[in-house]
Amino acid sequence: MKKITIAEMAKYTGQTVKLGAWIANKRSSGKIAFLQLRDGSGFVQGVVVKAEVGDEIFAAAKALTQETSLYVTGEVKEDDRSAFGYELQVTGIEVLHEAKDFPITPKEHGTEFLMDNRHLWLRSRKQHAIMKIRNEIIRSTYEFFNENGFVKVDPPILTGSAPEGTSELFATKYFEEDAFLSQSGQLYMEAAAMALGKVFSFGPTFRAEKSKTRRHLIEFWMIEPEMAFVEHSESLEVQEQFVSHIVQSVLKNCQLELGRLERDTSKLEKIKAPFPRITYDEAITWLNDNGFNDIEWGEDFGAPHETAIAEHYDMPVFIINYPIGIKPFYMQPHPERDDVVLCADLIAPEGYGEIIGGSERIYDYELMKQRINEHGLDEAAYAWYLELSKYGAVPHSGFGLGLERTVAWISGAEHVRESIPFPRLLNRLYP
Ligand code: 4AD
Ligand code: MG
């Protein structure tokens with residue numbers, strides 16, 4: 001008999017197969033038992049009919065506890081009532097390991113309890129669906145950049161520089177030297193773009209931010225493309241194409257998961273390039289005109305501001321040209337104004353906040369040196385970076401997309417902690 005996975009069941013309609021599975025849930029009467037089976041690849045209902053399997057197998061099925069592992073044999077049947085479309089008419093059961101008192105029962109639990117049990121909570125239907133959507137976003141990211149001529153480059157995690165400001169660094173010793181965990185691979189990606197043209201990275205980044213919000217993780221994954229000879233407006237086009245591509249890929253390949261999460265997919269179907277663009281100046285004026293008197297020109301947006309702007313558009317929206325004072329040292333000044341820079345944040349709809357930060361980069365040697373000093377950065381640590389604007393400097397642009405915020409938005413998760421397998425949060429390093 002063939003051993004298959006739940007995901008492969010459609011190919012075996014009418015055949016008797018063997019599945020390795022866990023019991024996700026179960027209900028039974030005197031004559032019939034319904035086993036909710038999961039095997040990692042998916043979820044399916046197993047139906048055990050006493051009259052067909054006999055007393056012994058039926059009694060074994062009735063005794064199965066949540067998360068008990070087993071081999072099940074049975075016939076694959078089409079089933080229009082389930083979203084999955086198939087069920088297993090069970091003929092045999094072989095218990096591998098009996099699980100007793102699984103903590104995550106199918107009832108409401110508090111967040112802290114679930115987070116303490118993250119290693120087990122991951123098995124639940126909802127968490128399974130979010131991880132599958134995360135995987136589709138990762139897959140379609142590689143697809144997008146490979147199809148568009150980008151080369152994947154892996155910047156170091158242990159670094160001696162701080163691209164996004166010095167206040168949120170995880171410091172560590174590198175033998176005798178001081179080192180930091182990477183906040184962003186950008187500076188290295190700029191060097192790589194000068195060697196390979198269009199590059200992208202995809203890796204973990206670390207921010208010792210004392211922020212406890214639904215959008216902040218201490219360790220998160222970032223996709224950082226960098227493009228030589230590309231101006232900022234051209235970079236915005238890549239960004240909107242990229243985000244459209246991943247949203248449309250999830251819609252195409254994760255219908256079951258979106259359904260399980262009860263995600264309103266009509267909101268996602270609309271997500272197609274081009275995205276609206278507003279300037280920082282316009283955003284401030286709009287906010288002040290719409291009852292937000294707690295922000296003035298020169299200040300950064302808070303979550304309520306971003307949410308209000310996003311709701312107004314019902315689409316991801318680019319806010320461009322922020323004040324120079326609230327952005328990092330490397331951003332190219334606006335050609336006609338010295339108070340703003342050529343940058344954009346992409347704000348996701350539905351209150352998920354900024355999912356992309358990007359800009360054109362300075363490529364004038366003197367200006368770069370001046371900005372490094374103005375920001376109080378150690379010039380020696382940036383000597384290599386400065387050399388990029390010394391040997392064949394070119395206009396170039398790039399951006400960083402936060403994976404977990406994007407997963408949270410597309411899957412409709414409440415909080416970024418559910419969009420990464422083992423979140424690192426303020427006060428949480430376990431499990
Ligand atoms: O806006 P950020 O800080 O930009 C950079 O790091 C640039 N160097 C990227 C580049 O141009 N190559 O971060 C980029 C994105 C944010 O828009 C957000 O989606 C995500 O990274 N992000 C976080 N996600 C979760 N938790 C945090 N603490 C995050 N901080 C940033
Ligand atoms: Mg940012």
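User: How many bridges join strand E2 to strand E3, and do they run parallel or antiparallel?
Analyst: In this predicted model, strand E2 (residues 16-28) and strand E3 (residues 32-38) run antiparallel and are joined by six bridges. One pair of residues that can be picked out is Ile23, which stands opposite Leu37 in E3.

User: Which strand does E3 pair with over seven bridges?
Analyst: That is strand E4 (residues 43-49), with which E3 pairs in the antiparallel sense; within this pairing, Ile32 has Val49 in E4 as its bridge partner.

User: Which residue takes a positive phi in the hairpin of E3 and E4?
Analyst: Gly40 does, with a phi near 95 degrees, in a hairpin that has four residues between the strands.

User: Switching to the ligand, which residues come nearest to ligand 1?
Analyst: Of the 23 residues around ligand 1, the nearest are Ser184, Gln186, Gly357, Gly400 and Gly402.

User: Which element gives the largest share of that shell?
Analyst: Strand E16 (353-360) does, with five residues, while strand E12 (219-228), strand E17 (396-402) and helix H14 (403-411) each supply at least two residues of the shell.

User: How do the shell residues divide into nonpolar, polar and charged?
Analyst: The shell around ligand 1 has eight nonpolar residues, eight polar ones and seven that are charged.

User: Last topic: how is the protein chain divided into domains?
Analyst: Domain 1 covers 2-97 and domain 2 covers 118-419, and the C-alpha centres of domain 1 and domain 2 are 44 Å apart.

Technical notes. Residues are numbered from 1 along each chain as its sequence is written. Chains are lettered from A and ligands numbered from 1 in the order in which they are written. This is a predicted model: local features need pLDDT of at least 70, side-chain atom pairs count only at pLDDT 80 or more; totals for chains, interfaces and linings use all residues. A residue is near a molecule or strand if its C-beta atom, placed from the backbone, lies within 6 Å of it. Ala, Val, Leu, Ile, Met, Phe, Trp, Tyr, Cys and Pro count as nonpolar, Asp, Glu, Lys and Arg as charged, and the others, Gly among them, as polar. Domain bounds come from an automatic or database domain assignment. Two strands pair if DSSP finds at least two bridges between them.
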